[in-house]
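Please look over the sequence and the structure shown here before reading on. The paragraphs below go with them.

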Amino acid sequence: MKKVIILMLAASIIYLSPLSAKAGAIMFPQCKLTQHGNEARLLFTLHNPSEQSWRFLQWKTPFDAWFSEFVHITHQGVQIPYEGALMKRGEPDKEDYLTLNAGDNIQVELELTQAFKLNNGEYTVEISPILLTPLAESKLKNSTLELTCPKIQINL
Amino acid sequence: MSTKKALSAIAVATALLSGSALADGINATLEMSQQDYKNSDNVVVKVTLTNEEHVPVKLLKWYTAADGVEESLFKVTANGEKRQYLGAHYKRQAPTKDDYIKLKSGESISYDVELSSLYDMSSTAEYEISYDVSSLQLFSPNPGQAKKLARLGIEGIHSQPTSFYLEGRELKQGTNKGKPGGGDGGGEIDGVTFTGRCSNSQKTDILAGLDAAKEMSADANQHLNGNNSNSLRYSTWFGDYNSSRWNTVSNNFSKIDSALNNESLTIDCSCKKKYFAYVYPTQPYKIYMCGAFWSAPTTGTDSKGGTIIHEMSHFNVVAGTDDIVYGQSGAKSLAVSNPAQAIQNADSHEYFAENTPNLN
Ligand SMILES: [Zn+2]
């Protein structure tokens, strides 16, 4: 179940259901996690079917492995502690942002054992929402898209 | 000092191959940035390599500092005693064409190399250094000359020694938890172990940052023990007063203070990222300093002292904080919107400790 939220800077918040996103003129970026076989490896995919280019801060996203805690794993309802690094940063600059061009598909692999101690069993994996802002001139100017990826169950 | 001296390799080569076009005459000279160094000074040597042959020579970059120092390039002694190279020896594939740089006949290249991060220079001594490299692959093989070039590579390139005086860091009595006179590894000063090629100036910066962090944590503790339930300083960074949250923060700072004063820290200088610093919260008490740390002020907002407070707060055995929001404005907003998260946020602890502007 994907939830797409547009946060207007004007402080009005509009919730769009996936249906209206499909039906409307604008389609939004989508993300998903997939497991490689039975390995503790995930492929994160960010897809932009819209004609709008977006950008987002890499911090606390899968493009920041493992310098922030952006993956949350539970096993039988118990949180698995994050053992990666935490980086203190200043203000972000241009290089800290990634651009998701119209039609782009960008992917990154996550090796979970680099940041979590995992045994055999079933785990629920979730990542922090990604905040995207439209690039340049757009009807969506001054808005932020909070993209929540569906959590997945993995079996090791 | 700077008079050029031909290599022993040249003599060997000319004897062997009089008049041949073999590449062998690389002359190395060294020039120190100063003659005397204090313990806070970086020790910089300028290496100049000159091709004195009448033909071009191709030299393996790994032995030239062209891409930074990736091998031991020098022989270093302190009062006659050999000093180990502390830097990494890279494990590599066989060199390819791209790993060689070409020096035309008569051409020179120069590099500045900082030595105190590469060799133990903690003790007061007269140091002597010479450029001293050799490798089978030092010279790019030419068809038909492979064996000879390999032999010349093993002969290597050696400069005349140059020397300088360095005043080492005095170990403080009483607070010293280190091995007195210990000079191996990255060195240890006042219970702080350095890894990852910390230079003299970086060690000095770290020790100043640590002193500032200790002062900040003592001050934070004093403030929190004062029990001022309407402290503006507290509410700015941690939100509305509530005794349980206040106690959590107070407990966090007493652990930060205790760790700073009683635990052995390890500081690593190898991070080349532009950010401040990072830690693994499950691995106390090692802090990795990155680019922004070195240019940060000692005290005040986003300072060296504050960064150390921030990082110490992350360790699970200390306060187990997270990076929920970054920066002062984010931390202030979090205090208003979510005090329960603010008391778990590392930057909130840092800004409370830095107390800039002063809100006491
Ligand atoms: Zn942090």
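What follows takes each chain in turn and then the place where the chains meet.

This is a predicted model, in which local features need pLDDT of at least 70 and side-chain atom pairs count only at pLDDT 80 or more, while totals for chains, interfaces and linings use all residues. Residues are numbered from 1 along each chain as its sequence is written, chains are lettered from A and ligands numbered from 1 in the order in which they are written, and side-chain values use heavy atoms, with hydrogens and water left out.

Start with chain A, which has one helix and 14 strands. Helices (H or I, at least four residues) and strands (E, at least two) are DSSP runs, numbered from the N terminus. Of the 156 residues in chain A, 42% are buried, where buried means under 20% relative accessible area with a 1.4 Å probe, protein chains only. Contact means heavy atoms within 4.5 Å. Among the contacts in chain A with a separation of 6 or more, 70% are between residues 24 or more positions apart.

Chain B contains ten helices and 16 strands. Its 360 residues are 50% buried. For contacts in chain B with a separation of 6 or more, residues 24 or more positions apart account for 69%.

Now turn to the interface. Here 24 residues of chain B are in contact with 17 residues of chain A. The size of an interface is often given as the accessible area lost when the parts come together. Chain B and chain A bury about 1700 Å² between them, and 57% of this is on carbon and sulfur atoms; buried area is the accessible area (1.4 Å probe) that two parts lose on being put together, summed over both. On the side of chain B, the residues that lose the most area to chain A are B:Lys274, B:Tyr275 and B:Tyr326, together 36% of what that side buries.

B:Lys274 also forms a salt bridge with A:Asp93, the closest N and O atoms being 2.7 Å apart. A salt bridge is a side-chain nitrogen of Lys or Arg within 4 Å of a carboxyl oxygen of Asp or Glu. The count between chain B and chain A is six salt bridges. Strand S15 (277-279), helix H7 (304-314) and helix H10 (346-354) of chain B are the elements that give two or more residues to the side touching chain A. H7(B) gives the largest share, four residues.

Which strand of chain A is joined to S15(B) by three bridges? Strand S8 (residues 86-88) of chain A is, and the two run antiparallel; strands pair if DSSP finds at least two bridges between them. B:Ala277 in S15(B) is the bridge partner of A:Lys88.
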